[in-house]
Amino acid sequence: MILLRTFSALKGLPVYEKNAAGQIGKVIDLIIANQTIHGLLVDWKGFLRGHQIIPIEAICSIGEDGIILHQAEPCVPFFHRKKDWNTMCHRQCAIKGKPLLKQNGQKMGLVEDVYFEEESGRMLGIIVTDGWFSDITEGQKQIDVTTNLTIGKDALLVE
Amino acid sequence: MSETIEQKKFIKGKLIHMIYYNEDSMYGVARIRIKETNEITDEKEVVITGLFPMLHEDELYIFYGGFTEHPKYGRQYQVETFQRHVPKTRDGLVQYLSSDLFSGIGKKIAESIVDSLGENAINKVMKDPACLEGIPKLSEAKAKKLHESLLEHQGLEQVMIRLSEFGFGPQLSMKIYKTYQQETLDIIETNPYQMIHDIEGIGFRRADELGKSIGLEGKHPERIRAACLFCLQELSLQEGHVYLEYDVLINHVQELLNDRQIIDEADISRELIALYEEDKLILDRERIYLHSLYFAEKGLVTNIKRILAQTEYNDSFSVDAFYKALGDLEERLEIEYATSQKEAIQKALSSPLMVLTGGPGTGKTTVTKGIVELYAELNGVSLNVKDYSKENPFPIMLAAPTGRAAKRMSEATGLPAFTIHRLLGWKGEGGFEKDEDNPIKAKLLIVDEVSMVDVWLANQLFKSLPDHIQVVLVGDEDQLPSVGPGQVLKDLIDSNVIPLTQLVDIYRQAEGSAIIQLAHSIKAGETPENLTDPTSDTRFFPCSQAQIQKVVKQVCENALKKGYTQKDIQVLAPIYRGSAGIEQLNKDLQELFNPKNEQRRQLAHGEVIYRTGDKVLQLVNNPDENVFNGDIGEIVSIFYAKENTEKEDQLVVSFEGQEVVYYRQDFNQITHAYCTSIHKAQGSEFPIVVLPVVRGYYRMLRRNLIYTAITRSRDYLIMCGEKPAFHLAVEKKVDTNRNTMLKQKLQQELLETLPPYEGEENIAK
């Protein structure tokens with residue numbers, strides 16, 4: 001069974017370590033590398049922690065009320081992220097709110113959320129919005145991005 | 001007793017091969033075949049060590065010294081002095097002259113030289129090369145070459161022998177010889193005081209000893225003059241004064257000269273005037289200046305006046321246009337400028353020159369960004385660097401005194417930023433490319449970390465400005481003053497004649513950042529009661545000086561475990577020596593971050609070991625390679641001498657991708673950077689700062705030092721040590737007022753010509 005996840009379902013969830021069962025922190029963002037979710041950005045409680053990236057492989061399970069990790073280490077401080085990594089909403093590298101364009105130039109809408117496979121982190125779809133009004137009247141659109149997706153500085157391009 | 005009666009111990013021998021030789025220090029190890037000796041030894045060969053020039057295989061040397069037992073290398077002959085054996089016999093001379101040492105001279109020519117000049121040929125040639133004229137087959141060029149080579153080989157030895165009579169060790173003698181070459185003896189015998197200026201490591205006292213031995217004693221004018229210049233230079237450079245007061249200088253000179261007889265004020269005063277007449281120093285009423293400092297200060301004032309005289313910016317845009325553009329910018333950046341920040345931007349854009357100051361977190365960077373963006377908006381200038389070419393250069397220039405500060409500026413604004421040296425086209429010895437005749441091409445210049453700029457650099461910068469330019473100087477006046485003389489930022493602020501904005505409200509991470517709160521309480525002279533209480537971003541681990549090494553190591557180990565790298569963690573200390581000093585901490589931290597490993601290459605330089613992966617600090621400006629004092633890099637590879645065509649050991653250091661090669665003689669341009677001095681860290685920012693504070697640092701502890709160290713940390717600050725020492729530092733506000741006339745001169749020049757600046761309310765804190 002493939003479990004699909006969205007960012008909006010994960011945001012704010014507490015993160016626990018399996019063995020310690022202590023709460024580590026809360027999910028604040030996703031780290032997106034190319035077309036996969038590389039990991040979670042966690043606001044980690046405690047000194048010398050801050051915003052840390054936890055790779056997707058470290059996740060044991062994602063439940064409704066929390067995320068359990070196999071183990072917390074190794075994690076990476078957020079400022080050590082690679083230059084071509086993106087996030088959903090972190091200011092400098094967010095994809096949320098960027099226009100999603102088809103290669104024929106047709107604008108599909110603005111990025112609102114992403115769907116991905118829990119196990120592999122593979123990004124499957126992007127939810128786009130045309131604004132609040134059309135969200136209510138028409139509903140949000142879901143765009144399949146399993147084919148080639150390019151994340152650029154000003155927009156996302158899909159084949 | 002028998003030692004003294006006996007002849008000096010020596011070994012006479014020829015080189016078999018050089019085992020090791022460092023051209024920089026002239027330290028060598030060589031294997032020698034013994035020809036003759038008065039030492040007791042059965043061996044035919046001996047290993048010698050000591051300071052001597054590169055030995056030649058064809059020459060016979062006499063080494064004076066004694067045998068020592070090296071713990072690792074065994075019996076060695078430690079050379080104290082040496083002499084090249086000058087052949088005296090006819091055959092010996094011919095052999096010597098026709099050897100490889102002198103190119104172009106074969107046996108035939110050598111024979112004819114010796115035949116016509118006799119056995120004293122070498123001395124004759126050295127004294128007067130003209131005596132070589134008329135020797136068959138010896139062309140003029142060859143004669144000249146022979147003379148030069150002879151001098152080269154002979155000069156050093158003569159100088160060494162002479163200098164050793166004056167008590168100079170071989171190392172200094174080599175240095176002196178390297179500086180003056182053939183003129184060495186001339187200079188040391190006529191005016192030894194010259195060496196104070198030319199040779200590092202020779203102070204007045206040393207030169208004075210030499211002077212005494214050749215009869216320059218007591219009230220000798222040369223002696224007094226040298227002392228005057230020496231005191232002036234030392235006090236200017238060490239204490240950062242731009243000038244010295246007459247009384248102070250006289251006192252210092254007297255103190256320096258009075259060993260047996262009292263030197264009167266009148267004598268010193270007379271020489272001071274003579275020096276002034278010879279243009280060696282400047283007398284300005286009671287103030288005595290070094291030449292370069294006087295003109296730097298004067299030039300700076302003139303050029304500030306020139307920049308301030310521009311009036312075209314007063315109403316270059318309407319208030320409406322400004323607020324509209326500002327509103328757009330706030331929307332785009334998703335920030336909201338506070339009223340004081342808006343005023344700062346507006347003032348900067350409508351003045352020819354503005355000083356912007358404020359502590360950490362008061363929004364200097366945000367305002368800088370605002371100035372850049374709005375300047376572009378209001379003047380219709382593109383911020384895309386690609387739109388510009390060499391003929392049409394980018395009109396906004398950002399600069400800072402250090403590479404790291406420039407990099408930070410560039411990151412904050414998204415625009416290229418340079419070091420001031422780079423901006424001015426510094427060419428090392430050759431000086432600066434940019435000056436009044438070849439000004440920089442820009443319409444807006446923003447300089448960050450101005451507190452680090454000394455009066456020399458400030459002058460060079462201002463005189464390189466074109467007639468039409470707006471300048472914004474950004475800095476924090478509570479930080480350590482510049483290393484060089486002057487206190488430019490403080491004087492500009494205190495003069496009250498230059499448009500000024502002081503940001504006082506704290507915005508950055510407004511709530512919760514204990515680092516910034518701590519910085520501001522230190523600035524106000526208070527040690528917080530709860531200093532040792534843990535906060536979200538600071539820690540204080542109380543420990544004694546003896547425990548510092550352990551605690552620092554543990555803290556770093558802990559940070560490493562949490563995913564940080566050696567690049568993120570910076571240990572800062574104020575002093576080099578001692579158990580909590582920079583040198584020791586660097587040793588410990590190298591062991592932690594980059595321990596010895598079979599796979600990692602390493603090279604020893606004195607007591608320091610450089611290893612691949614080491615974090616290193618650049619200590620001098622090197623414009624050719626575009627690396628500057630304070631830049632931090634990592635050793636990416638090491639090549640041993642036997643592996644490369646240059647036959648030299650090499651270190652390759654990468655500074656943010658910029659690779660620089662260091663040969664042995666350049667190794668003193670770098671040092672380990674796991675722990676650096678607080679002075680060297682000025683202008684840089686680090687995710688984690690570890691700051692030991694103990695009473696052992698007593699001599700250096702003061703408020704602006706601690707303040708500077710603390711404000712270097714971006715995310716976390718870990719202090720360790722003694723709370724009383726910390727308290728002591730915060731209490732001690734050393735009156736670092738340096739002697740400068742910049743403030744007065746600015747007021748004098750500007751109050752007459754310009755109406756007093758109506759910005760008093762901003763100046764009040």
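**View 1. The charged end of B:Lys732 over the ring of B:Tyr698.** In this predicted model, local features need pLDDT of at least 70, side-chain atom pairs count only at pLDDT 80 or more, and totals for chains, interfaces and linings use all residues. The charged end of B:Lys732 lies 4.7 Å from the centre of the B:Tyr698 ring. A charge sits over a ring if NZ of Lys or CZ of Arg is within 6 Å of the ring centre and within 35 degrees of the ring normal. Residues are numbered from 1 along each chain as its sequence is written, chains are lettered from A and ligands numbered from 1 in the order in which they are written, and side-chain values use heavy atoms, with hydrogens and water left out.

**View 2. An aromatic cluster in chain B.** B:Tyr243, B:Tyr289, B:Tyr294 and B:Phe295 make up one aromatic cluster. Rings of Phe, Tyr and Trp (its six-membered ring) pair if their centres lie within 6.5 Å; planes under 30 degrees apart count as stacked, over 60 as edge-to-face and the rest as tilted. Over all chains, 19 aromatic pairs are counted. One of them, B:Tyr289 with B:Tyr294, is edge-to-face, at 4.8 Å centre to centre and 80° between the planes. B:Tyr289 is buried at 0% relative accessibility, and B:Tyr294 is buried at 15% (buried means under 20% relative accessible area, exposed over 50%, partly exposed in between; 1.4 Å probe, protein chains only). B:Arg287 lies over the face of B:Tyr243, 5.8 Å from the ring centre.

**View 3. The stacked pair of B:Phe317 and B:Phe322.** The ring centres of B:Phe317 and B:Phe322 are 5.9 Å apart and their planes stand at 25°, so the pair counts as stacked. B:Phe317 is buried at 19% relative accessibility, and B:Phe322 is buried at 0%.

**View 4. The interface of chain B and chain A.** Chain B contributes 21 residues to the contact (heavy atoms within 4.5 Å) and chain A eleven residues. Together the chains bury about 1,200 Å², 60% of it on carbon and sulfur atoms; buried area is the accessible area (1.4 Å probe) that two parts lose on being put together, summed over both. In chain B, B:Lys562, B:Tyr564 and B:Tyr716 lose the most area to chain A, together 44% of what that side buries. Zero salt bridges are counted between the two chains (a side-chain nitrogen of Lys or Arg within 4 Å of a carboxyl oxygen of Asp or Glu).
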